[in-house]
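This report is written for a reader who is new to protein structures. Please keep the sequence and the 3D view at hand while reading.

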Amino acid sequence: MTTETVEYIRYRIPEDRSAEFLSAYTHAAKQLAAAPQCVDYELARCEEDFEHYVLRITWTSTEDHLEGFRTSELFPDFLAEIRPYVGNIEEMRHYKPTTVRGRGASEPTLFAWAGGAEAFARLTTVFYEKVLADDLLAPVFAGLAPEHAEHVALWLAEVFGGPSTYSETQGGHGHMVAKHMGRGITEPQRRRWVNLIQDAADEAGLPTDAEFRSAFLAYVEWGTRLAVYFSGPDAKPPAEQPVPKWNWGAARPYQA
């Protein structure tokens, strides 16, 4: 369970003070942005009753907030900005996130955007044909199991937001990591892997828009660099972890 905590502060601000209130928090937010204990923050205003505001601050932990930020050199300037509105606070509490969380369907997953399970099956089929014909990578995959490409397709599908078939049939992140232990993958091999999967994505007809490909390549870079590390002589298997979930990142899906 994450140690992060979410602080909610609910304000009731008369409408004639709303402009000065927003201005004060615009200045106070600079201290939050500079605080290593602060993950993110957002001030929202009620649509039905303009006098109501909710400030949400995610802290690295409750202790980091109370014993870190509040005793830091940033806090006095933060408090100076918001002090006139302390009397307008209706609630100020910390909340711990639960396991009930997720995303709605307003934004497609990378899995759906790519074309679903069939797209990832095409991708890995094309990719491993290239791998086995490549002089640099073929030795790494000598004796490749017939179902390997299918399993990698399931892995990638789950990583990019598809069904959890890989987890249910193969295992979590530790299972995938175990396949790389002791293989001694080199940086040139890693780079070739990255290049070939991008070529395979083109040939398999995966979307070529900048938003999708930047997210796709970000995972490929992350995953292959971990593979090199865990294939090294001093690597230790990680604790059991779920399959990582990748999302759009900085560039959201482009929709005209």
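The model is predicted, and local features need pLDDT of at least 70, side-chain atom pairs count only at pLDDT 80 or more, and totals for chains, interfaces and linings use all residues. Residues are numbered from 1 along each chain as its sequence is written, and side-chain values use heavy atoms, with hydrogens and water left out.

**Helix pairs**

Two packed helices are described by the angle between their axes and the distance between the axes. Helices here are DSSP runs (H or I, at least four residues), numbered from the N terminus. Axes are lines fitted to C-alpha atoms over the stretch in contact, and angles run from 0 to 180 degrees between N-to-C directions.

Helix α5 (residues 117-132) packs against helix α9 (residues 187-203) at about 135°, and their axes are 8 Å apart. Therefore α5 is oblique to α9; angles under 35 degrees count as roughly parallel, over 145 as roughly antiparallel, 65 to 115 as roughly perpendicular and the rest as oblique. In the contact (heavy atoms within 4.5 Å), α5 residues including Leu-123 and Phe-127 meet α9 residues including Trp-193 and Ile-197. The residues of this contact of α5 with α9 comprise nine nonpolar, no polar and three charged. Ala, Val, Leu, Ile, Met, Phe, Trp, Tyr, Cys and Pro count as nonpolar, Asp, Glu, Lys and Arg as charged, and the others, Gly among them, as polar.

For helix α1 (residues 18-34) and helix α3 (residues 75-82), the angle is about 165° and the axes are 8 Å apart. This makes α1 roughly antiparallel to α3. Among the residues in contact are Tyr-25 and Ala-28 of α1 and Phe-78 and Ile-82 of α3. By class, the contact of α1 with α3 has six nonpolar, two polar and two charged residues.

**Single residues**

Buried means under 20% relative accessible area, exposed over 50%, and partly exposed in between (1.4 Å probe, protein chains only).

| Residue | Relative accessibility | Class |
|---|---|---|
| Cys-38 | 12% | buried |
| Cys-46 | 25% | partly exposed |
| Gln-189 | 12% | buried |
| Trp-222 | 35% | partly exposed |

Gln-189 lies in helix α9. Leaving aside neighbours within four places in sequence, Gln-189 is in contact with Leu-136, Leu-137, Val-140 and Gly-184.

Trp-222 belongs to helix α10 (residues 210-230). With neighbours within four places in sequence left aside, Trp-222 touches His-173, Pro-244 and Trp-246.

How many disulfides are there? A disulfide is a pair of cysteine sulfur atoms within 2.5 Å, and by this rule the count is zero.

How values were computed. Helices (H or I, at least four residues) and strands (E, at least two) are DSSP runs, numbered from the N terminus.
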